[in-house]
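Here's a quick briefing to read alongside the sequence and the 3D view.

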Amino acid sequence: MPTNEIAGSETTAAKAAAGAAWSGAAGGAHGGTSVSLRGLTRVFGATRALDEMSLEIAPGELVALLGPSGCGKTTALRIVAGFEFADSGEVLIDGRDVSGVPASRRDMGMVFQSYSLFPNMNALDNVAFGLRMRKVGGGDRRKRAAELLDMVGLAPQAGQYPHQLSGGQQQRVALARALAIEPRVLLLDEPLSALDAKVRLQLREQIRTLQQRLGTTTLFVTHDQEEALSMADRVGVMRAGKLEQVADPAGLYSRPATAFVAEFVGTMNRLPAELGSAASTVTVLGATVPAQPGGPDSGPVDALIRPEDLTVKAAEGGNGIVTNRTFLGAVTRVAVRLSGDTEVSVDVSSAVALEMAPGTAVQVSLPATPVLTAPRAS
Amino acid sequence: MAALTKDLGMATAPPPPASSRRRSVPVWRWVILLIAAVYFLLPLIAALRFAGFKAFGTVFTQQGFGSALWLSVRFAAVTWLVTMVLMIPTTVYIHLRLPGLRRLLEGITILPIVIPPVVLIIGVLQVMPLALRASVWMLPLEYVILAMPFAYRALDAGLRAIDVKTLTEASNSLGAGWLTTLWRVILPNLRTGVLSATILIVALVLGEFTMASLDLQQTFPVWIVLFDQFNAPMSVAASIFALLVTWFFLMLITVVATRQSRRTGGGEVTLFTVAPRETIGN
């Protein structure tokens, strides 16, 4: 087991000086690149991998595409990279259509999900490869590659071959290699999913820090909502080839536009509800609260409420019974069975949860804020 | 032989717990080894005795020896070059773009093994334009067809051991075109596959008799058979010499290739397989 994982993140701060010098050069060269995806459609056989997908990425922004596997997020990234082609729609980089430009001329740094370092080259030569393709002279090339390796905290590993590096180290070299060419756009295709949890967390922070320091416009594809929410300026949630919602992480979490987004991001309770006469109010748990606009107008509906938005207190003759408690640190998630056999999760502070042993009768109630509704799940 | 002893050694590596079994396994190992050794070495020893050691001193100066060997070596070189230029891009392309065709290609490449060389060469001699039929270089072109199955299999195994798609895309995204990617990224990582193919092609060309004799080319094997008619011991000495030279080069390539492959985390180079790269976890 390599020892450099921890050291890597510790040295990140120490490398700030080198990084800053580098960012000066990079920033001077490009000053941030904007990316627009317009009406991208891609059909594989009977499936529409992308369906009229559009997205604008501002210069220097990190946008994450989040969604279940098969939702089209990787196809979108690969179209931007030039490895796939859209059936219709266009990709604009700084306002210029790059549809006809081959991948090798697009100036995009890419980090792949699987380990992609060239096995026949050591770490330094891997990082220098893109510079070599740009005809940067030998001495200059090695110097810049060494700087990049230093920036990801892997200077001591410069002479090692990929098979001698751990998974986390390999992805850091891959990141350095992608950044070495001072790419107009950085593309990250689930770069952390092959790594173990601890390394993933460190690398996540390191990628974000570097990206912000260099101001490189970045498109990041992931199926891990925690990753997307913690790293991105904005997150686009995808489903069946379409973008369901694009918003900053806090907005996405607190004001999901659709039931799919609500349930894909974070934990969501579904409670049977009844629409009021004008569909602008909804009755849940005996209380009538405003319904968030955009929900269904009629028919049976569910209210979608986050565990931390519900409140629960021990009460004889309340509307539910505690069935389980899960200690999560500062908060404890309490599972309550309501009358009608609906299970809900409620987050309460762990101190309060102490008095809610399984079997305790409780009263669950909702906030007065507008709630999201969705057609009832059968 | 070397591969055989190695396999046996590895198969018995974990020591069985019972003492009776511990004793019985090495005994069997030696018995099998002995049978194999007798089977392979006895004809060689007999040939050596028949030829007599004196023949080895004079075999190199026999008329036609040098030119026949030189012709075979040139054929091997041309066959190798044409096979590699044809098969490397083809195999890589199939892996990258048409993986569905891999099975079909496997089927096609088995044909030269199934069709007897006699049929192949006679068919070719029937339909070839005279200019090519009269040329010395038609034979190596035929050898390319014979070598194709071995080359394809060796290259295919080599490509399976690396993630060609990701490596190619990584190289492209860093600004390398197709030729550069093939030359700087794929070929160096395909070295073990290429060397395996080389070994097989060289061994094939240096030993092929049927097609060469029907095409009236005096390659080394053809010369050995002809020479056998008026100086049998000398001819046997020549074939033993050829055997030793071939064996020496095969061992050299195997050892050198394995050493280089290990340096970059690759597997051992053997004649038919390329061991997959070690995959390193976190």
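Let's start in chain B: Ala151(B) sits in helix 8 of that chain, which covers residues 138–160. Keep in mind that this is a predicted model.

**Around Ala151(B)**
- Is Ala151(B) buried or exposed? Ala151(B) counts as buried because it has 29 C-beta neighbours inside 10 Å, and 20 or more is what it takes.
- Leaving aside residues up to four places away in sequence, Ala151(B) touches Thr83(B), Met87(B), Ala197(B) and Ile201(B).
- Gly175(B) is 24 residues from Ala151(B) along the chain, and 30 Å separates their C-alpha atoms.

**A sheet in chain A**
- Chain A has an open sheet of five strands, ordered 15-19-16-17-18, with antiparallel pairing.
- The edges belong to strand 15 (311–314) and strand 18 (343–349) of chain A; each has a single partner strand, so one side of each is left without a neighbour in the sheet.
- From one strand to the next, the twist averages 40 degrees.
- Inside that order, strand 16 (residues 320–327) and strand 19 (residues 361–365) of chain A pair in the antiparallel sense over two bridges.
- Across from Gly320(A) you'll find Val362(A), in strand 19 of chain A.

**Where chains A and B meet**
- Chain A puts 28 residues into the contact and chain B puts in 23 residues.
- On the chain A side, strand 6 (108–111), helix 4 (123–133) and helix 6 (167–180) are the elements giving two or more residues.
- Sorted by class, that side of chain A has 15 nonpolar, 10 polar and three charged residues.

Technical notes
Residues numbered from 1 in each chain as written. Chains lettered and ligands numbered in written order. Predicted model: local features only at pLDDT ≥ 70, side-chain atom pairs only at ≥ 80, totals over all residues. Contact = placed C-beta atoms within 7 Å. Helix = DSSP H or I, 4+ residues; strand = E, 2+ residues; numbered from the N terminus. Nonpolar A, V, L, I, M, F, W, Y, C, P; charged D, E, K, R; others polar. Buried ≥ 20, exposed ≤ 12 C-beta atoms within 10 Å, placed from the backbone. Pairing = 2+ DSSP bridges. Axes fitted to C-alpha atoms, helices over the stretch in contact; angles between N-to-C directions.
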